[in-house]
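This report reads a single protein chain from its computed geometry. Please keep the sequence and the coordinates at hand while following the residue names.

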Amino acid sequence: MTAVECGNMVNAGRALQISTMSEMKSYSQAVTGFFASMLTYPFVLVSNLMAINNCGLAGGLPAYAPNYSSSLDGWSQLLKEGNMSRGNSLFFRKVPAGKLYVWEEKWFR
């Protein structure tokens, strides 16, 4: 084997390592983003509910959403109902047992 062939093999190995490192970086960024969104989702949920809480729009009034006196009140109510991760999953949605949603009520039929 000549020195040129050895040099080409070394350069090919380096290119493979660089390619693998860039792929690992992109995968690790995706996984890190996924875990970060899982951890911060309850805070986003509570802040969105507090933004519409009793704001005058129909979606923030008691027929559609309860009134919360504070963010902690909203947090504890969602935690008690088991709704802290509602809407978090794209494919697997869970519905709490016995929950009656607005569209199931008779006055909407």
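The model is predicted, and local features are reported at a pLDDT of at least 70. The chain has two helices and zero strands. Helix α1 covers residues 3-52 and helix α2 covers residues 71-81. Of the 109 residues, 14% count as buried, and the chain exposes about 8700 Å², of which carbon and sulfur atoms supply 66%. When contacts between residues at least 6 apart in sequence are considered, 40% of them join residues at least 24 apart.

**Aromatic pairs**

How many aromatic pairs does a search of the whole structure find? The search finds two, and their geometry is set out in the table.

| Pair | Arrangement | Centre to centre | Angle between planes |
|---|---|---|---|
| F34 and F35 | edge-to-face | 5.6 Å | 65 degrees |
| F43 and W75 | tilted | 5.0 Å | 45 degrees |

F43 lies in helix α1 and W75 in helix α2, so their pair ties together parts that are 32 residues apart in sequence. F43 is exposed, with a relative accessible area of 55%, whereas W75, at 26%, counts as partly exposed. In the other pair, F34 is partly exposed at a relative accessible area of 49%, and F35 is likewise partly exposed at 45%.

The arrangement of F34 and F35 counts as edge-to-face because the angle between their planes, 65 degrees, is over 60.

**A nonpolar patch**

F34 and F35 also belong to a nonpolar surface patch of about 390 Å², which they make together with V31 and M38. V31 is found in helix α1 and is partly exposed, with a relative accessible area of 45%.

**The loop between the helices**

N53 and N54 are both placed in the loop between α1 and α2. Is N53 buried or exposed? N53 is buried, with a relative accessible area of 15%, and this value falls under the 20% cut-off that defines the class. Leaving aside neighbours within four places in sequence, N53 is in contact with G60, P66, N67 and Y68.

N54 stands out in its backbone: it has a positive phi of about 55 degrees although it is not a glycine. Most residues other than glycine have a negative phi.

**The segment after α2**

M84 lies in the segment after α2 and, at 11% relative accessibility, counts as buried. Which residues is M84 in contact with, leaving aside its neighbours within four places in sequence? They are Y41, P42, L45, V46, W75, L78 and L79. P42 is 42 residues from M84 in sequence, yet the two are 5.6 Å apart in space, C-alpha to C-alpha.

N83, too, is placed in the segment after α2, and at 3% relative accessibility it counts as buried. The side chain of N83 makes a polar contact of 3.0 Å with the side chain of E81.

Methods. Residues numbered from 1 in each chain as written. Predicted model: local features only at pLDDT ≥ 70, side-chain atom pairs only at ≥ 80, totals over all residues. Heavy atoms only, no water. Phe/Tyr/Trp six-rings, centres within 6.5 Å; stacked < 30°, edge-to-face > 60°. Buried < 20%, exposed > 50% of the residue type's maximum accessible area, 1.4 Å probe, protein only. Helix = DSSP H or I, 4+ residues; strand = E, 2+ residues; numbered from the N terminus. Patch = residues over 30% accessible without salt bridge, like charges linked within 9 Å, V, L, I, M, F, W, Y side chains within 5 Å. Areas by Shrake-Rupley, 256 points an atom, 1.4 Å probe, with all protein chains shown as cover. Salt bridge = Lys/Arg side-chain N within 4 Å of Asp/Glu carboxyl O. Polar contact = N/O pair within 3.5 Å; in protein donor to acceptor, adjacent residues only side chain to side chain. Contact = heavy atoms within 4.5 Å.
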